[in-house]
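Please look at the sequence and the model together, and keep both in view while you read. The paragraphs below start from a single side chain and then widen to the whole fold.

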Amino acid sequence: KGLKNAYLRIAELLKINRNIKGYFGTSWLLDPQLDQINSRHSYNRELVTRNGGKLYYKGPTETAKRNALAKSKTRRRLYQEGKYIPTDYVIVWSRQKLIKWAKNIKTI
């Protein structure tokens, strides 16, 4: 719910600031390989990609590694076994598509 509310607020800001072309963000939480580890993370990526946003590979980074391994014993174990490489992805959601999505959501 928090992520959805954040995007709804971003849509409001985009309506006010017509010079902003959209939203983009980078995170290890967007990595599709997380679906195999814990599917609850897929919401972060799918909310955007199912509503017109695009996903782009950025690659493994030290920040992704630090954040992805900080709180999960499972991810740490898989990383140590060479079965998981924390990887950053970028999402890009155009102003038009984000605002269109927000219009279909009833409340914050």
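Does Glu46 count as buried, exposed or partly exposed, and at what relative accessibility? Glu46 counts as partly exposed, at 23% relative accessibility, because buried means under 20% relative accessible area, exposed means over 50%, and partly exposed lies in between (1.4 Å probe, protein chains only). Before going further, note that this is a predicted model, in which local features need pLDDT of at least 70 and side-chain atom pairs count only at pLDDT 80 or more, while totals for chains, interfaces and linings use all residues. Residues are numbered from 1 along each chain as its sequence is written, and side-chain values use heavy atoms, with hydrogens and water left out.

Glu46 has a charged partner, for Arg50 forms a salt bridge with Glu46 in which the closest N and O atoms are 3.4 Å apart; a salt bridge is defined as a side-chain nitrogen of Lys or Arg within 4 Å of a carboxyl oxygen of Asp or Glu. Arg50 itself is exposed, with a relative accessible area of 65%. Another salt bridge brings together the side chains of Asp35 and Arg45, at 2.7 Å from N to O. This pair links distant parts of the chain, since Asp35 belongs to helix α2 (residues 34-37) and Arg45 to helix α3 (residues 42-49), 10 residues apart. Here Asp35 is partly exposed, with a relative accessible area of 27%, whereas Arg45 is buried, with a relative accessible area of 7%.

A further salt bridge joins the side chains of Arg77 and Glu81, at 3.4 Å from N to O. Through salt bridges that share partners, Asp35, Arg45, Glu46 and Arg50 are joined into one network. A search of the whole structure finds six salt bridges.

From these side chains we can turn to the fold. The secondary structure comes to six helices and three strands, where helices (H or I, at least four residues) and strands (E, at least two) are DSSP runs numbered from the N terminus. Read from the N terminus on, the elements run α-β-α-α-β-α-α-β-α.

The three strands make an open sheet with the order β1-β3-β2 and antiparallel pairing. The strands β1 (22-27) and β2 (54-60) stand at the edges, each with a single partner strand, so one side of each is left without a neighbour in the sheet. In general, strands of a sheet pair through backbone hydrogen bonds, either parallel or antiparallel. Two strands are said to pair if DSSP finds at least two bridges between them, and β1 and β3 (residues 87-94) pair in the antiparallel sense over six bridges. To find one of these places in the model, look at Thr26, whose bridge partner in β3 is Val90.

Strand β3 is also the place of Val92, which counts as partly exposed at 35% relative accessibility. Together with Phe24 and Tyr56, Val92 forms a nonpolar patch on the surface, with about 320 Å² of accessible area in total. Patches are made of residues with over 30% relative accessible area and no salt bridge, like charges being joined within 9 Å and nonpolar side chains (Val, Leu, Ile, Met, Phe, Trp, Tyr) within 5 Å; accessible areas come from the Shrake-Rupley method with a 1.4 Å probe, and for residues only the protein chains shown count as cover.

Finally, consider the protein as a whole. Of its 108 residues, 34% count as buried, and its C-alpha atoms fill a box of roughly 50 × 25 × 20 Å, taken along the principal axes.
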